[in-house]
Amino acid sequence: MQNKYYETLLANAVEKSALQHEQIGQIINFRLFGNKKGFMTLESLPIGDIPPTPLSRDLLCKPDDSSERLLLQATALLGEPIGYLQESEGCIVNNFFPQQAHSRGATSDSFDTELDLHTENAFHAVLPDYLVLLCPRQDPDAEAVTYIASIERILERLTFEEQAFFLTEPYNFLSDYGPTEKNQRIDINRHQTILYGDPDAPFFRFDPHFMLAFSSRAQQLMDKLRAIAWEVVEPVRLNRGDMLIIDNRRTAHARSPFSARFDGSDRWIQRAFAITNPNFYAERLGKRSRVFGLVTEL
Ligand SMILES: [Fe+2]
């Protein structure tokens with residue numbers, strides 16, 4: 001299992017800091033205080049030698065691990081780095097690049113299809129608290145845009161009644177994880193509200209393509225919410241060495257389509273997840289692990 005390698009890398013990443021003091025401060029500040037837009041970026045990090053973008057994950061070979069160390073250090077500053085069995089077999093660093101086989105698919109390996117707004121793993125009982133994305137290589141035509149909509153901006157455009165509705169109305173969140181693979185659409189009986197937590201500063205989970213409404217009014221309001229979320233999105237273009245940290249409990253994100261050439265020059269993104277409450281999950285699941293399968297209930 002590759003994670004043994006990543007455990008060592010993680011230890012190195014936090015002991016031998018690759019991020020500068022000021023950048024560490026910015027990340028801790030974001031974790032403690034957040035911000036209105038629900039994300040932060042760091043630009044032009046020293047990511048070392050980047051080989052040509054591979055054509056498939058099996059061909060991935062990256063001797064210089066500077067980018068992985070930056071990614072894992074940032075992730076560890078936010079919480080506990082974790083993986084999911086259904087994502088790169090539980091690896092705590094996920095690599096994404098265009099793959100011809102995934103053309104037109106709504107997955108992170110696709111390129112020519114827009115990924116609509118979604119909270120990462122909104123169906124999962126072990127929700128990632130933060131996503132950390134690092135860009136080893138921008139797409140050659142610089143078309144790819146990541147969009148982020150934060151609940152703070154969305155709330156400004158909702159009436160009090162609509163907010164109350166989203167705090168109380170359950171939707172059926174479908175799972176895109178099967179027992180071992182992803183890109184599914186499975187009813188796991190996960191009925192939950194879009195807004196949750198403190199009503200005055202609620203958390204937000206939203207993935208309209210994987211949510212079923214229980215009434216036409218609930219459907220209408222979900223459609224309205226999706227439109228509002230798209231109105232308030234902030235675009236981010238990731239260049240080589242840029243890091244994007246997303247607060248996954250307060251945002252939904254999307255990605256534009258972009259072109260791929262399959263000649264080593266394609267977009268390459270590395271991703272890691274952080275959870276902030278590993279002890280709680282260990283208590284509820286009776287198991288301590290950095291890699292989670294599908295958890296439908298705690
Ligand atoms: Fe995503």
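Predicted model: local features only at pLDDT ≥ 70, side-chain atom pairs only at ≥ 80, totals over all residues.

Leaving aside neighbours within four places in sequence, which residues is glutamate 120 in contact with? They are Leu127, Pro128, Leu131, Asn248, His253, Arg271 and Phe273, where contact means heavy atoms within 4.5 Å.

Residues are numbered from 1 along each chain as its sequence is written, and side-chain values use heavy atoms, with hydrogens and water left out.

## The iron site

Let's start with the metal. His118 (NE2), Glu120 (OE) and His253 (NE2) coordinate the iron ion at 2.1 to 2.2 Å. Donors here are N, O and S atoms within 2.8 Å of the metal (3.2 Å for Na, K and Ca), and sites may look incomplete, as water is not among the atoms. Along the chain, the donors of the iron ion are spaced as H-x1-E-x132-H. Glutamate 120 sits in the loop between β4 (115-118) and β5 (130-137), and histidine 253 in strand β16 (residues 251-255), so this pair ties together parts that are 133 residues apart in sequence. Strands (E, at least two residues) and helices (H or I, at least four) are DSSP runs, numbered from the N terminus.

From the record, the UniProt annotation "binding site", in an unreviewed entry, covers His118 and Glu120. Such annotations may be inferred rather than shown by experiment; feature names are shortened, and positions follow the numbering used here.

## Around the donors

Histidine 118 belongs to strand β4 and is buried, with a relative accessible area of 15%. Buried means under 20% relative accessible area, exposed over 50%, and partly exposed in between (1.4 Å probe, protein chains only). Not counting residues up to four places away in sequence, histidine 118 touches Phe206, Asp207, Ala252 and His253. Its side chain also reaches the backbone oxygen of aspartate 116 at 2.8 Å.

Glutamate 120 and histidine 253 are both buried; for glutamate 120, the relative accessible area is 7%.

## The cysteines

How many disulfides are there? The count is 0, a disulfide being a pair of cysteine sulfur atoms within 2.5 Å. For cysteine 61, the nearest cysteine sulfur is that of cysteine 91, 14 Å away. Cysteine 61 is exposed, with a relative accessible area of 55%, whereas cysteine 91 is buried, at 5%.

How values were computed: Polar contact = N/O pair within 3.5 Å; in protein donor to acceptor, adjacent residues only side chain to side chain.
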